[in-house]
Amino acid sequence: MTSQTIDAAAAGAWTLGDRTVNRIGFGAMRLPQTGEAFAADAVARDRDHATGVLRRAVELGVNHIDTAAFYFSPLRSANELINRALAPYPDDLVIATKVGPGRDPSGRWLPHATPEQLRGQVEENLRQLGRDHLDVVNLRIVGTDSIAERFGALAELRGAGLIRHLGLSNVRPHHLAEAQAIAPVVCVQNMYGIGASPEQRQFVDLCGGQGIAFVPFYSIAGTGRTAGATTDDSDEILAVARAHGVGTARIRLAWTLHQGPHVLAIPGTGDPGHLAENVAAGSLRLSEDELTALNSLRHDTA
């Protein structure tokens, strides 16, 4: 079986609230441009190429797409590409977005949204995506301060029917506890990959114990972050990749999926070949010895 014929369902499924998604999804951050995301001199990706990648992802069984209104480059917006490519949306497609950060039209980062500004960000996502409600909205934060007022504002929008489910991004365990006292949390989206610290691993397990999806970002990019996949692969990762006859990106994704049935992957790409390889990672099974070797790595990507 070639990577082009492996469906996202091979990774298994998990639930986000009342929605079931395949554990291999698609992250839209890299879609609006070629090269590094958010770069001031980013070159806009060809629109037809970008929409073709999105349609191919859905053909391959991807039914969980991660996006945000601040994912844009000159001439291209991830949300509007998703709208153009996939509307009217398939019934089983779950689109998750993020609020909190913002950028002005020139791309300059703005201060994180206040509780009062979050409604405007939610409405902007609705407009760009052409939806009357958002499936999942993650509150993305920076720092360790209380999130009660901001999460409470989103909970009010959920009560009003603009949001179906709520999640958190870039948070710590105390934020999760604080949010759960206000409204149900269906997912936590944090940086995580091979080399993660024991504390990060404990948070993954905490989410699993509570039935909350854990959605890692930069699980392939690692130290490359917004620039894309890391080229700093250790001997252990290279050895496992050689043993399976695949690239290291697929090993990183497979390792991610082995961290628990509640762990969802959202790799992003603008390359149809890489898309198929990423989806195919859902069928790759690592041995206990391979997992032990990869688990022993520290501070490689996280």
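Visitor: In this predicted model, is Trp-109 buried, partly exposed or exposed?
Guide: Buried means under 20% relative accessible area, exposed means over 50%, and partly exposed lies in between. Trp-109 has a relative accessible area of 41%, so the residue counts as partly exposed.

Visitor: Is Tyr-71 buried or exposed?
Guide: The cut-off for buried is under 20% relative accessible area. Tyr-71 has a relative accessibility of 6%, so Tyr-71 is buried.

Visitor: What kind of aromatic pair do Phe-38 and Trp-109 form?
Guide: Phe-38 lies in the loop between E4 and E5 and Trp-109 in strand E11, so the pair ties together parts 71 residues apart in sequence. The ring centres are 5.1 Å apart and the planes stand at 70°. Planes over 60 degrees apart count as edge-to-face, so the pair of Phe-38 and Trp-109 is edge-to-face.

Visitor: Which residue has its charged end over the ring of Trp-109?
Guide: A charged end sits over this ring, 5.5 Å from the centre of Trp-109. That charged end also sits over the ring of Phe-72, 4.1 Å from its centre. The residue is Arg-103.

Visitor: Which strands stand at the edges of the sheet?
Guide: The open sheet has 7 strands with parallel pairing, in the order E3-E6-E9-E12-E13-E14-E15. Each edge strand has a single partner strand, so one side of each is left without a neighbour in the sheet. The edge strands are E3 and E15.

Visitor: At what angle does helix H3 run to strand E9?
Guide: Helix H3, residues 115-129, lies across strands E9, E12 and E13. Its angle to E9 is about 145°.

Key
Residues numbered from 1 in each chain as written. Predicted model: local features only at pLDDT ≥ 70, side-chain atom pairs only at ≥ 80, totals over all residues. Heavy atoms only, no water. Pairing = 2+ DSSP bridges. Helix = DSSP H or I, 4+ residues; strand = E, 2+ residues; numbered from the N terminus. Contact = heavy atoms within 4.5 Å. Axes fitted to C-alpha atoms, helices over the stretch in contact; angles between N-to-C directions. Buried < 20%, exposed > 50% of the residue type's maximum accessible area, 1.4 Å probe, protein only. Phe/Tyr/Trp six-rings, centres within 6.5 Å; stacked < 30°, edge-to-face > 60°. Lys NZ or Arg CZ within 6 Å of the ring centre and 35° of its normal.
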